[in-house]
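Please study the sequence and the model before reading on.

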Amino acid sequence: MTKVTINQLHKDDLPWIIEYDESKCIKCGRCSATCSFGAIKPAIEQRVKSGSISEKNKLEKVIVIKQEIGFANHCRGCGMCERVCPNGAIRAVRNTDDRYSIRYRSETAESVKKGGRSNLNTEGRTLDKIKVGRISQMTDPSLDALRHTFELKTPFGRVLSADKLGLNNENGKMIETKTLPPNRWIYPIIMGDMSIGAVSWRMWEAMAIATAYLNEVCGIPIRMCTGEGGIPSRLLKSKYVKYMILQIASGHFGWNRIIDAMPDMVEDPAGILIKIGQGAKPGDGGMLMANKVAKYVQEIRGVPKADLLSPPTHQGLYSIEESVQKMFLSMNAAFNFRVPVAIKVAASVTSVSVYNNLLRDPYNIVGGFFLDGLAAGTGAAHEISLNHTGHTITSKLRDCYKAAVKQGRQGEIPIFAGGGLGQTGSFAADAFKLICLGANGVFSGRLLLQIAGCVGNDTERCNACNTGLCPAGIASQDVCLTKRLDIDKVAQNLVNYILATDLELRKLMAPTGCSSLPIGRSDALITVDKNVADRLDIQYVC
Amino acid sequence: MCRIGAIKSKKNIRPSTALKLMRSQQEGHDDSGFAFVMQDIGGIFETYKDLPILSMAATIEGTRLAEDILHDIGFTRVLQWTPDINNKQGLKINPMPNYIFEVLAYPKSHKYATKEEKEQLLVDTSIRLRKALDENHSGYIYSFWNDVLTLKEIGSPKDIGTYFNLWDDDNELCAKIITAQCRQNTNYGIVRYAAHPFFLEGYTVLANGENTFYEKNRLYQEGLYKGYLGFESDSQCFLYSLHYVNKILKWPLEYFMHTVFPLSYNDIDKRNGTEKEILLRIKASLSHLSANGPNTVLGVLPSGNLICVCDPKKLRPVVIGRDSDTVIMTSEVAGINDLMPNRDLTKDIYPKEREMIVVDDNLKIERIVQ
């Protein structure tokens, strides 16, 4: 009997198995050279010589491609080997009987880490159960998406109620009597927020180019959030910084450079986003593993090459009131009260309390509420957080909006919703529905990566952003891997996708008779799911 | 489509004039109701301009309930006028048992009250009456204000006119301003409250079209002021927005237009510094009062000025015709042709999109382009 090693990691423990057809392989080596994870390597195997009849010399050595068996270099199913193979000799096949998560924990005493978004997929997608059901036909005719004028702009910044605007009627002429918090009119989609570090500088640059192009050439006032990782000085000192929302999170990464650049800045940034939490891993801080901390990442962030773990909370912010004070003193003052300061939190059972507190803040300084749902993506997280913590975006957005309505303060702190938008194909539909439910706008990060070529999906494919070995060169700082990404092509794809989304948004606004954004127009939505209808207070249909 | 009309004259006019104005536009409505508001009233009410007139329709129980509430607050009846009913067979009308139009004196407690205090008393009393009548479905209160009289009824406008003897030019009702509509609300339930014109604290509004942002408007207005009630029609939102902007915020009239039909950001961006800043503040702050059309709005202000406002889509018709004594704003020119066949046609005005027309007491017309 042959000895079987049960307790060693074996190929059938892994989530993906390499299917290799030796007869088609020409031994060119492209597949193994391409695999960023080192999951396949050339190897020598023995074969019985064809036609051999003697016992002696009956075996011959052949070169084959062999799957590596290990936690660090197992196959993620990215499919790059299949892409480069000239003969279709190799591909990754999903192993439905894998035992990886059990083996990893039992062997390493570590939690599983990954990138991407939750792969548990138990929640179902509420947004897909909602349809746009109120179609204008006769009493308020449908508009023409291609010919009518539509305004896709939303305020970003603190909005005050009409009686606090400081507008006085003096003999029939309106005059302003006070300065108000800054407010910008922007496109209802915000790109980001992913840091230089989490994504490659090439990916980040492509997003920045697309943002500038959409603004300067296409007339779409879209904004991009930097993520917590700083921003190149050259961009800070250029006029294009006006399209960037600078993020500050608990690690404060990159802010030394921003402060240094302030005297030389020629434009104010579009806004400041204080990240308190994120939907993919609420309660966790940022997590940039050392292998992604390239030299330029070190320079921008001012850090050594080490795992960069942002704390779960901002140091010193122990209450909402204190958070508000900090924002008041630091971020608003930093740009002399000319730049809206917003806050980003993970959707949570407690989101309404947070939103209410901000709404009632007497200093009126919070200029936006970014609510991030559990289907959001991340560059690196513990799988336990990714799959098992967080709150769905749709009902929590609705709760926050309705809390504002109850106080007659809807729109005073614009809500931007994100987390898993475009997950099932249509970003525009998701955005439109969330806007109808009360969002002023939406934000998306993961989708942008997929537009750029990310092959990861929500059924355990790739999602190895945390390793720094992204086979698409998107979530990596490896020079060879990032070269795979064509910056101009990615920028073009991003621009095209936003243009398509813009058209599709108009294709939803037109039949509902809206020439401006239908913020809070929940009467336009219907659902065949009674529970969804009851929870969101929209019309149930059958 | 709704057909709406507003008449302002230097001389007293009668409800029959409003009926005639709407009759020739009959093909554009469904013959389902008739409602009018009279302001700057003449005839038997002329001598009571400083006292409020209660306009209501109620059951006997509702009438008693209302009388008890008014008595409880301290109002005393000065004059009651009941229309002369012609209840002949075959009229297409669904009448209420009682129609009450009465002039009331303010309670003694308000003898030295300011104008504002008196107005608040009328608003509070109206709300209390409405709630009481709503609770046991015993009637409708249309207006309770100085120098204003309202009637709303379900049925054929012609037959409603016959029932109330409104065709008779010798009846006692006349006023210098009459606004009217010949149709019940079609978008939502047919209830008397849903018929235009809508009235609140001296402001009267009628609207042709559908308010696409009704839901947003309603949710915002419900918490804005105690008098913003009902919402049986999406067009009521225009009344409340007008009232809010002009009366509560005390902003100039043109800002009503900037609130319900805000200019696009790109258009505002072209304005000068101060104006741009003001318009952007309003656009952001009152985005939940924007209406998004398609609408033509007619209205009467507490000053007695008539207004007409056209939305940016300009999908709903309106025309203004005039002679030396009278100005008429209405949906179709056919109505004006019937009443003023000999007017100077070249003086007719067809307002453009984003235009507001204001007619003052001297019938002087001001055109304000947004």
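The pLDDT is the predictor's confidence in each residue, on a scale from 0 to 100. The model shown here is predicted.

**Exercise 1. State what confidence the predictor assigns to chain B and to the complex.**

Solution. Begin with chain B: its average pLDDT is 93, and 97% of its residues score at least 70. Then turn to the complex, for which the predictor gives an ipTM of 0.92 and a pTM of 0.94.

**Exercise 2. Describe the side of chain B that touches chain A.**

Solution. Step one is the extent of the contact: 31 residues of chain B are in contact with 33 residues of chain A. Step two names the helices of chain B that each supply at least two residues to this side, namely H5 (214-221) and H9 (273-285). Of the elements involved, H9(B) gives the most, with 6 residues.

**Exercise 3. Determine how the radius of gyration of chain A compares with the globule rule.**

Solution. First, note the secondary structure of chain A, which comes to 16 helices and 23 strands. The C-alpha atoms of chain A fill a box of roughly 115 × 60 × 45 Å along the principal axes. Buried residues make up 50% of the 542 residues in chain A. Finally, among contacts in chain A with a separation of 6 or more, 78% are between residues 24 or more positions apart.

**Exercise 4. Find which residues of helix H9 of chain A are buried, and where they point.**

Solution. Helix H9(A) spans residues 351-359, and its buried residues are A:Ser351, A:Tyr355 and A:Leu358. Viewed down the axis of H9(A), these buried residues fall within an arc of 65 degrees, so they line one face of the helix. Their packing partners in chain A are strand E17 (341-346), strand E18 (369-372) and helix H11 (393-406).

**Exercise 5. Work out the arrangement of the open sheet in chain A that contains E6, E22 and E23.**

Solution. The order of the 3 strands is E6-E22-E23, with mixed pairing. Strands E6 (130-132) and E23 (539-540) of chain A stand at the edges with a single partner strand each, so one side of each has no neighbour in the sheet. E22(A), residues 525-527, runs parallel to E23(A), and 2 bridges join them. In this pairing, A:Thr527 has A:Tyr540 in E23(A) as its bridge partner.

**Exercise 6. Trace the strand partners of E15 in chain B.**

Solution. On one hand, E15(B) (residues 355-359) is antiparallel to E12(B) (residues 306-310), with 4 bridges; B:Val309 is paired with B:Met356 of E15(B). On the other, 5 bridges join E15(B) to the antiparallel strand E16(B), residues 365-369, where B:Val359 stands opposite B:Ile365. E15(B) and E16(B) form a hairpin with 5 residues between them, and B:Leu363 in the turn has a positive phi of about 65 degrees.

**Exercise 7. Characterise the surroundings of B:Leu51.**

Solution. B:Leu51 lies in the loop between strands E2 (33-41) and E3 (52-58) of chain B. A residue counts as buried if 20 or more other C-beta atoms lie within 10 Å of its own, and as exposed if 12 or fewer do. B:Leu51 has 18, so this residue is partly exposed. Leaving aside residues up to four places away in sequence, B:Leu51 touches B:Val78, B:Val103, B:Leu104, B:Ala105 and B:Asn146. B:Ala105 is 54 residues from B:Leu51 in sequence, with 6.1 Å between their C-alpha atoms.

Note on methods
Residues are numbered from 1 along each chain as its sequence is written. Chains are lettered from A and ligands numbered from 1 in the order in which they are written. This is a predicted model: local features need pLDDT of at least 70, side-chain atom pairs count only at pLDDT 80 or more; totals for chains, interfaces and linings use all residues. Two residues are in contact if their C-beta atoms, placed from the backbone, lie within 7 Å. The radius of gyration is taken over C-alpha atoms; the globule rule is 2.2 Å times the number of residues to the power 0.38. The arc is that of the directions from the helix axis to the C-beta atoms. Two strands pair if DSSP finds at least two bridges between them.
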